[in-house]
Amino acid sequence: MKFNAPRGTNDILPPASFKWQYVEQKTKEILLAYNYDEIRTPLFEYTELFQRGIGEATDVVEKEMYTFEDKGGRSITLRPEGTASVMRSYMENKIYGQAQPTKYFYMGPMFRYERPQAGRSRQFNQLGVEAIGSHDPALDAEVISLGIYLLEALGLNDLELYINSIGCVECRPAYISILKKFLNSHHEKLCDECALRIDKNPLRVLDCKNKSCQTIVEDAPLITDHLCNDCEDHFAEVKKYLDFLEVEYIVLPSLVRGLDYYTNTAFEVKYAGLGAQDTIFGGGRYNGLAQEIGGRDIPGIGFAIGIERLILTLEAQDIKLGAENGIDLYLTVIGDKAKKVAFGLTDELRKNNFRVEIDYLDRSVRSQMKSADRMNAEYTIIMGEDELKNNTATIRNMVSGEEAEFKLDRIVDKMKELVD
Ligand code: HAM
């Protein structure tokens, strides 16, 4: 019997896991500075939360959810995204009673039954932020510029930010009926899926990847020409604030998002070098979501970065993350007595924050040195009977070849002196 990881899932092994840790640590520092606190919601929720929050007619709810009945007969779904859960938690815990806006971030796995390919998996990770409780367009600009800054701080270049406004409950219905009329008149040239979308979710036709649909969509009426005054003003302010922060963007009137809760500002950041799955992150306002799932009128805005895609972009741009170093010291031992002493020294060094390794396979000095090499040890020490007798040993820098003698009972001081 041989087991493989389920299709669409990935093991994140070292050294790749160093990259993940680096990204997590670096982004957390920035999120703290922007005053976003961590929220951790369950990995599964009652199915209805996503049906109502994300929308019945979306691809995510229609085709991509991991849904099952638990032993109590309740319908449970592994979270396909984080926003609905965060808003559920916000309402359930009456966070609206605290100082507003509330600013959260989260990192963790999401689950969607999609066709796996480069940059698209069935279990993937998101770094998301949600700023809840304010309509202020300055907050839209904060959220967008934070997303861009997170990527730039990791060293990424050549990112393209697309923004749009997709209106609100006041202006969108009128636009949708104009759009439906237009799409119906080109019905026969749309792909099968889009032909079905005209009634259920016509906005999605606007970002269909099919060539023939794209040609038709070029002449489609634009939401930005049909916004109500409030939405138009809001969008104008968002752009002003982005200009003020010198965040570069492209207004893309055909930009719609795959989840139904969005209102007003919608945005996506792409890196062309990623191929078909080129969206590193997406987000927008969701002023109707709280109403939909909790009956209260509370606005929100946020985004989620796909961490797998972020890491692919770092690799595509050949950006080295400074965390993939080897160990500080490998203690090579000859004989049982030396091993015991070295074992104690290893423990002492580790408790002083040095990354130290020792042999656990009773190997020859040569094989131990090979291990030291494989672990990218910066220093090695060989310890045998003589070293014990004299209480001194020689430490060797594996790159320069330089050697230095030191007293064994001063090993921590010696390492402090040597290791930066
Ligand atoms: P989303 O556009 O569905 O938005 O996903 C956000 C990001 O997650 C995508 O841009 C992509 O990088 C990554 N992603 C999505 N699906 C996959 C997949 N199957 N494999 C790998 N990466 C994937 C949301 O999820 C919203 N909750 C974002 C948001 C937060 N809006 C407001 N607040």
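Visitor: How many salt bridges does a search of the whole structure find?
Guide: Good place to start, and please keep in mind that this is a predicted model. Side chains of opposite charge can pair when their charged atoms come close. Searching the whole structure for such salt bridges gives a total of 26.

Visitor: Which residue meets Glu45 in a salt bridge, and is Glu45 buried or exposed?
Guide: Glu45 lies in strand S2 (residues 44–46) and its partner in helix H4 (residues 83–92), so the pair ties together parts that are 43 residues apart in sequence. The N to O distance is 2.8 Å, and the partner is Arg88.

Visitor: How many residues apart in sequence are the parts tied together by Asp140 and Arg285?
Guide: The side chains of Asp140 and Arg285 form a salt bridge, at 2.8 Å from N to O. Both of these residues are buried. Asp140 belongs to helix H5 (residues 137–153) and Arg285 to strand S10, so the separation of the joined parts in sequence is 145 residues.

Visitor: Lys351 forms a salt bridge with Asp347, so to speak of its place: which helix do both lie in?
Guide: The closest N and O atoms of Lys351 and Asp347 are 2.9 Å apart. Lys351 is exposed, with a relative accessible area of 64%, while Asp347 is partly exposed at 37%. The two residues are four residues apart, about one turn of the helix, and both lie in helix H12.

Visitor: Why is the pair of Tyr66 and Tyr113 edge-to-face?
Guide: A search of the whole structure finds eight aromatic pairs, including Tyr66 with Tyr113. Their ring centres are 5.8 Å apart. Planes over 60 degrees apart count as edge-to-face, and the pair qualifies because its planes are at 75°.

Visitor: What is the angle between the planes of Phe267 and Phe281?
Guide: Phe267 is in strand S9 (residues 263–270) and Phe281 in strand S10 (residues 279–285), 14 residues apart. Both Phe267 and Phe281 are buried. Their rings form an edge-to-face pair, 6.2 Å centre to centre, with an angle between the planes of 80°.

Visitor: What is the area of the nonpolar surface patch made by Phe343, Tyr360 and Leu361?
Guide: One member, Tyr360, sits in the loop between strand S13 (356–358) and helix H13 (365–374). Tyr360 is partly exposed, with a relative accessible area of 49%. Together with Phe343 and Leu361, Tyr360 makes a patch of about 360 Å².

Notes. Residues are numbered from 1 along each chain as its sequence is written. This is a predicted model: local features need pLDDT of at least 70, side-chain atom pairs count only at pLDDT 80 or more; totals for chains, interfaces and linings use all residues. Side-chain values use heavy atoms; hydrogens and water are left out. Rings of Phe, Tyr and Trp (its six-membered ring) pair if their centres lie within 6.5 Å; planes under 30 degrees apart count as stacked, over 60 as edge-to-face and the rest as tilted. Buried means under 20% relative accessible area, exposed over 50%, partly exposed in between (1.4 Å probe, protein chains only). Patches are made of residues with over 30% relative accessible area and no salt bridge: like charges are joined within 9 Å, nonpolar side chains (Val, Leu, Ile, Met, Phe, Trp, Tyr) within 5 Å. Accessible areas come from the Shrake-Rupley method with a 1.4 Å probe; for residues, only the protein chains shown count as cover. A salt bridge is a side-chain nitrogen of Lys or Arg within 4 Å of a carboxyl oxygen of Asp or Glu.
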